[in-house]
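Morning, everyone. I have one chain to go through today, and then one residue in it.

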Amino acid sequence: MSQQLIPINIIVADRSYRLRIEPEDEEMVRKTIKKLNEKIVDYKTNFAGKDMQDYVSMVLLWYATEQQKPTPTEIYNTSSQEKLNKIEELLNKTLSAK
């Protein structure tokens with residue numbers, strides 16, 4: 001049985017929004033909103049834009065790009081897999097030479 005959704009108010013780029021979310025997601029949502037608002041301020045400070053929509057668009061592009069980057073775990077797993085493949089290849093060469 002799913003939990004009751006809770007209402008929260010968030011502010012993104014000086015606009016207020018009311019959401020209904022799972023209680024266990026509240027902290028993650030608030031942290032994400034805080035990060036987005038900080039990035040909007042950073043972009044307003046460092047880049048030219050005509051209006052708030054320009055900055056929100058820039059941050060949206062940044063955020064979407066960040067989501068596409070491999071995580072440290074994915075990088076580690078890829079590196080480990082490559083090393084294991086090389087070891088396996090060396091073992092196969094050694095065993096087939098005998």
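What you see is a predicted model. With that in hand, the order of elements from the N terminus on is β-β-α-α-α. That makes two strands and three helices.

Next, the overall shape. How does the radius of gyration of the chain stand against that of a compact globule of 98 residues? The globule would be near 13 Å, but the chain has 23 Å. The C-alpha trace spans about 70 × 50 × 15 Å along its principal axes. Of the 98 residues, 13% are buried. If you take contacts between residues at least 6 apart in sequence, 17% of them join residues at least 24 apart.

The accessible area of the chain is about 8400 Å², and carbon and sulfur atoms account for 56% of that. As for charge, there are 15 positive and 15 negative side chains, with the centres of the two sets 3 Å apart.

Ile-40 sits in helix 1, which covers residues 26-46. Is Ile-40 buried or exposed? Ile-40 counts as buried, because its relative accessibility is 5% and the cut-off for buried is under 20%. What does Ile-40 touch, leaving aside residues up to four places away in sequence? The list is Val-12, Ala-13, Met-52, Tyr-55, Val-56 and Val-59. Gln-3 is 37 residues from Ile-40 along the chain, and their C-alpha atoms are 33 Å apart.

That is what I have.

How values were computed:
Residues numbered from 1 in each chain as written. Predicted model: local features only at pLDDT ≥ 70, side-chain atom pairs only at ≥ 80, totals over all residues. Heavy atoms only, no water. Helix = DSSP H or I, 4+ residues; strand = E, 2+ residues; numbered from the N terminus. Rg over C-alpha atoms; globule rule 2.2 N^0.38 Å. Buried < 20%, exposed > 50% of the residue type's maximum accessible area, 1.4 Å probe, protein only. Contact = heavy atoms within 4.5 Å. Areas by Shrake-Rupley, 256 points an atom, 1.4 Å probe, with all protein chains shown as cover. Lys, Arg positive; Asp, Glu negative; His and termini not counted. Charge placed at Lys NZ, Arg CZ, Asp CG, Glu CD.
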